[in-house]
Amino acid sequence: MTHVVRTALANSVSRLKFSGPARALQRSVAAFNKWRRHERIPDPRRRLYIEPAGRCNLRCRFCAYPKKVRGKTVMADENFRQVVEEAMKMGYATLALTPSTGDVFADRDFMAKLDHLEAVAALESYSFFTNFILPSEADVERLLALPKLRPLSISIYGHDEQSFIAMTRGSAPAYRKLLANLRAVLRHGKKGPVGPHLYVRSARSFEGVDSAGGELCDLLTEIRDTLGSPIYVNRWFDNWGGVVSQSDVDGLEISIAGEQLVDKTGACALIFAQNSVLADGRVNACACRDVEGTLELGNVNEQPLAEILSLSNQRYMDLIERQQRGDFDTVCRSCTAYQSIYALQNPFAPHRDRVTLAEFMRRIAH
């Protein structure tokens with residue numbers, strides 16, 4: 001099964017998870033698996049999240065970034081290299097560079113960081129999302145030639161200039177720069193198994209790039225048809241751990257999911273395998289929705305990463321134990337991205353290798 005087909009199927013399965021029958025099934029499975037102590041925890045040493053920049057060039061109305069207070073900084077190159085070196089010693093195979101909120105190209109030295117990753121022999125691959133407005137055409141050409149970048153994921157907000165500006169609080173020049181960079185993809189891209197992936201988020205009434213027409217959608221379909229790039233349309237918007245509400249998106253024809261949609265049984269899988277080193281050096285248990293880093297486990301500027309993500313870190317062990325007994329921090333109680341370690345797993349999602357809680361503890365023993 002190709003990566004594109006698998007990803008499309010994974011996205012389809014994910015869209016069903018909040019339906020009534022799916023929630024009922026997950027509740028039953030999670031309760032049964034917890035009773036028999038059967039956990040499904042992602043491999044904790046498969047992927048580490050590193051945030052090059054905690055800044056963004058947009059202020060999207062559906063995102064928590066406009067309300068973010070801490071961590072609006074850029075990681076220095078020497079700090080980035082040190083974290084990568086430690087991660088390789090710990091056995092990580094891949095890196096994810098997408099900030100929790102922000103854009104990687106808010107770091108003016110980001111391309112230099114990628115050049116460094118390409119030279120790290122132990123690293124298999126890395127990936128990131130970008131709104132694709134800040135890079136130059138020279139950057140775009142280089143990105144498309146990086147062998148370890150798998151894939152380049154481009155986030156498109158809105159399906160035309162009007163919806164882009166309404167959703168992102170961006171400008172007409174920013175929209176034109178996005179179009180220019182997409183044209184650069186056509187000029188410099190080559191059809192292959194790991195080309196750019198295109199992610200479009202727009203209003204409920206948006207029926208897809210083939211139906212909408214217009215300059216942006218025409219460009220996206222041309223990239224798809226010329227380079228084989230998949231296009232994923234997402235109309236799902238969550239509450240960012242309770243930070244974003246429906247009032248933040250009034251008039252946009254989108255709905256913010258409420259916390260009542262997520263049943264929580266046992267610890268969340270994300271605190272085991274989506275640990276993140278933030279741009280300011282803090283290590284956060286979850287790279288997904290904890291915008292302010294309230295699940296902080298330590299700081300790489302003060303102690304080695306291997307000590308922070310280990311059994312010797314009582315703060316980490318306490319977090320796991322609290323979630324296991326149903327005691328969730330404020331951001332986790334409201335989070336709709338929660339994934340129970342006892343629930344059914346998406347069979348089409350990548351990196352489906354799972355371990356028990358006992359095996360997890362063995363792998364992070366320091």
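Which residues have the most contacts inside the largest nonpolar core? In this predicted model, they are Leu 95, Leu 97 and Phe 128, and the core they belong to has 105 residues. Helix α7, which runs over residues 172–188, puts in the largest share of this core, with 8 residues. Leaving aside residues up to four places away in sequence, Leu 95 touches Arg 47, Leu 48, Ile 50, Val 84, Ala 87, Met 88, Leu 117, Leu 123, Ser 125, Tyr 126 and Ser 127.

Now for the chain as a whole. It has 14 helices and 11 strands, and buried residues account for 53% of its 366 residues. Of the contacts between residues at least 6 apart in sequence, 74% join residues at least 24 apart. The accessible surface is about 16,100 Å², and carbon and sulfur atoms hold 51% of that.

Helix α12, covering residues 314–324, is worth a look on its own. Tyr 316, Met 317, Leu 319, Ile 320, Gln 323 and Gln 324 are buried there. Looking down the axis of α12, these buried residues fall within an arc of 155°, so they line one face of the helix. At the start of α12, a side-chain oxygen of Asn 313 comes to within 3.1 Å of the backbone nitrogen of Arg 315. Just after α12, Gly 326 takes a positive phi of about 90°.

Most residues other than glycine have a negative phi, and most peptide bonds are trans. Phe 132 is not a glycine, yet its phi is positive, at about 65°. Phe 132 sits in the loop between β4 (125–130) and α5 (137–143), and at 0% relative accessibility it counts as buried. Trp 240 also has a positive phi, near 50°, without being a glycine. Trp 240 is found in the loop between β7 (231–234) and α10 (270–273), and with a relative accessible area of 9% it is buried. As for peptide bonds, the one from Arg 150 to Pro 151 is cis, with omega near -10°. Pro 151 is part of strand β5, residues 149–157.

Charged side chains pair up as well, and the whole structure holds 19 salt bridges. One of them joins Asp 107 to Lys 113, with the closest N and O atoms 2.8 Å apart. Are these two partners buried or exposed? Asp 107 is buried, with a relative accessible area of 2%, and Lys 113 counts as buried at 2% too. Arg 224 and Asp 225 form another salt bridge, their closest N and O atoms being 2.9 Å apart. Here Arg 224 is partly exposed at 26% relative accessibility, while Asp 225 is exposed at 53%.

The side chains of Arg 289 and Asp 238 also meet in a salt bridge, 2.8 Å from N to O. Arg 289 lies in the loop between β9 (282–284) and β10 (296–299) and Asp 238 in the loop between β7 and α10, so the pair ties together parts that are 51 residues apart in sequence. Arg 289 is buried at 18% relative accessible area, and Asp 238 is buried at 8%. Finally, a network of salt bridges links Asp 43, Glu 359, Arg 362 and Arg 363.

Definitions and conventions:
Residues are numbered from 1 along each chain as its sequence is written. This is a predicted model: local features need pLDDT of at least 70, side-chain atom pairs count only at pLDDT 80 or more; totals for chains, interfaces and linings use all residues. Side-chain values use heavy atoms; hydrogens and water are left out. Buried means under 20% relative accessible area, exposed over 50%, partly exposed in between (1.4 Å probe, protein chains only). Helices (H or I, at least four residues) and strands (E, at least two) are DSSP runs, numbered from the N terminus. The arc is that of the directions from the helix axis to the C-beta atoms. A polar contact is a pair of N or O atoms within 3.5 Å; within protein, one must be able to donate a hydrogen and the other to accept it, and residues adjacent in sequence count only if both atoms are side-chain atoms. Contact means heavy atoms within 4.5 Å. Accessible areas come from the Shrake-Rupley method with a 1.4 Å probe; for residues, only the protein chains shown count as cover. A nonpolar core is a set of buried Ala, Val, Leu, Ile, Met, Phe, Trp, Tyr and Cys residues joined through side-chain atoms within 4.5 Å. A salt bridge is a side-chain nitrogen of Lys or Arg within 4 Å of a carboxyl oxygen of Asp or Glu.
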